Amino acid sequence: MLRSGSGRFVGYNLLLLAGGVIVLLMIVSAAFMFSARSQLHATESLRAARVDRLVLEFISDLADAETAQRGFIITNREAYLGPYEMALAQFAKNSADLRLRAAEVDEGKAIAPEPVEELIRLGQARMDLIGKNLAGFRAGNFDPAQLADTMDRGRVLMDQVRQKGAVIRDTAASVRIARAAAMRDAASLLTTMISLGVAMIVVLTTGAALAMARHVREIDQARRELVDINQDLESRVRERTEAVMRTNDELQRYAYIVSHDLRAPLVNIMGFTSELESATERLTTYVRKVGGDDDDPERADALVAVDEDIPEALGFIHSSMKRMDSLINEILKLSRAGRRVLEPVPLDMQGLVTECIDSIRQRFAEAGAEVRIEGRLPDVVSDRSALQQIFTNLLDNATKYLKDERPGQITVRGRLERGSAVFEIEDNGRGIAEADFERIFELFRRAGTQDKPGEGIGLAHTRMLSRRLGGDVSVRSDGESGTTFIVTIARDLVLRMGRNET
Amino acid sequence: MSKEPKPVAIIMIEDDEGHARLIEKNIRRAGVTNEIISFRNGTSAINYLLGADGSGLAAVGRPSLVLLDLNLPDMTGIDILARLKANEHTRRTPVIVLTTTDDAREIQRCYDLGANVYITKPLNYESFANAIRQLGLFLSVMQIPELD
């Protein structure tokens, strides 16, 4: 559930991220485009302005030349001709400039060459007229009528020049206006696009934020569910543990009562068997003493009875009694151990197991076995005496059932697993057949070759104790190369026992 | 008051007929001839020991020794022991606890309540018979204190 939510979240975010990148790219490229076009508009606008300026200069030069001519004619002083000379010199350059620059505007499409050429031609004509007048005046052929005529032609020419100039300047101005308008449009388009982009980014960011918020909510929900599940699991584990402990307690009480009450009739059987024995002795003595006919078959029968049958029967009764007594004693012992109140304390398991090993070191030496603790054993809060018995039993077992042909190797290791501590006691002994895995933990049951002394009580005891410590014991073996006993106990018995025991 | 102390009666509280018989036989074998009064359950024993009114006055002037089994059908021997030791007239009466278990805590409890001797009924009959016979010898020399 969490996984799929997370996948969806990643998908959403990738989508939003991609959208954001696209929008940014669009804004950036629009800005670039705008910048390039603005540059073009500005350039064209400047070119148009230059043409405007050149036209003005052109006209102004002609005016200068005219003024100079008028001054010279009136004063007849050469000094007035200075501006004329300058204007004349400028004229050719200005004309070339004007032609060139006018052709540059909008690649020649805006200002047609004809009006420019016309303007230059008119200007040239004006300039030529001035030159001709001056030359005539200098030569002394001064005729007022002719002068007035040329002056009129000059004025007409000048008017035409101004008209043409105005036409060209209007054209240039319209180019500038058009370019300015284009720039304004581009700028507003850019503004629109940026606004749109910003709006989209806001939308995307909001989407991302919402997706994230939902994802966080989902995670939170999942976490809460997990906590619930954990709590449920914990309480179930505790319930189960309590149930197991209760069953165990009941079994212990039952075992105690049974063993206790079984002994009472046994005392009678034993007591009266002894009474029977002593009565038989008296009878035997009498039967022997009485004597009689050796051929009497009844007497022979009686002798067989007192010499053989009765002692044999009593012997079997005695040995069976003994066996039953020892079995009952074992049950009683087990039940007592099971009824003992556990005292959970913090335990250094490394130290505890080392003590157990030391306490039966003699057995290891006799068996030629080597025992070692692998790694560090985890510490627990549990009952010291119960754990000592568990480890001593299992270590003792390990040395007891080693294989003669190989040196014994016994390894103890431990680890923590959730709320439990798991310990393993591994040997390289004769192993246990899988069919016997459960049987060996039952009371008075044993497995394999019965060549070692024992009542079949150690593992039953170990199982009972492990269960009381909130765990269990199990076995793993391939039946030939060794056996591993796995003891699981509650890591903290106080915690595990919870509220039902204080 | 007579100068001769009254013979001590042995009050045996034991529900198992066989046990009672074995105990009696062995006591007799030890040469103890005191009267043995048997009870099969706790209620009748208490009635006898403390009297029908439960005051304990019935015990005055009647020296006795109690052989007590802990496992009784109607109450535990521990209850009887506690009541005997709590009553002013019976608290000096010696009580010998006879039982099948050797549970250390149970033994401790009996001594705490004031039991004088605790004997386990072992399955080894010889040792049991021995214990009973020795108990008989013990009874024959024992003085039962009595308040006037």
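Okay, hi everyone. Quick reminder before we start: what you're looking at is a predicted model.

Let's begin with salt bridges. Over all chains, the count comes to 32. I'll walk through a few of them.

Take Asp52(A) and Arg169(A), whose closest N and O atoms are 2.7 Å apart. Asp52(A) sits in helix 1 and Arg169(A) in helix 4, so this pair ties together parts that are 117 residues apart in sequence. And is Asp52(A) buried or exposed? Its relative accessible area is 16%, so Asp52(A) is buried, while Arg169(A), at 32%, is partly exposed.

Now compare that with a local pair. Arg223(A) bridges to Asp220(A), with 3.2 Å between the closest N and O atoms. Both belong to helix 4, and because they're three residues apart, about one helical turn separates them. Arg223(A) is partly exposed at 45%, and Asp220(A) is partly exposed too, at 30%.

Next up, Glu374(A) and Arg413(A), which meet at 3.0 Å, N to O. Glu374(A) is in the loop between strand 2 and strand 3, and Arg413(A) is in strand 4, so here the linked parts are 39 residues apart in sequence.

Last thing: the surface. Val10(A), Leu14(A), Leu17(A), Val21(A) and Leu25(A) make a nonpolar patch of about 480 Å². Leu25(A) is part of helix 1, which spans residues 2–75, and with a relative accessible area of 55% Leu25(A) is exposed.

That's me done, thanks!

Conventions. Residues numbered from 1 in each chain as written. Chains lettered and ligands numbered in written order. Predicted model: local features only at pLDDT ≥ 70, side-chain atom pairs only at ≥ 80, totals over all residues. Heavy atoms only, no water. Patch = residues over 30% accessible without salt bridge, like charges linked within 9 Å, V, L, I, M, F, W, Y side chains within 5 Å. Areas by Shrake-Rupley, 256 points an atom, 1.4 Å probe, with all protein chains shown as cover. Salt bridge = Lys/Arg side-chain N within 4 Å of Asp/Glu carboxyl O. Helix = DSSP H or I, 4+ residues; strand = E, 2+ residues; numbered from the N terminus. Buried < 20%, exposed > 50% of the residue type's maximum accessible area, 1.4 Å probe, protein only.
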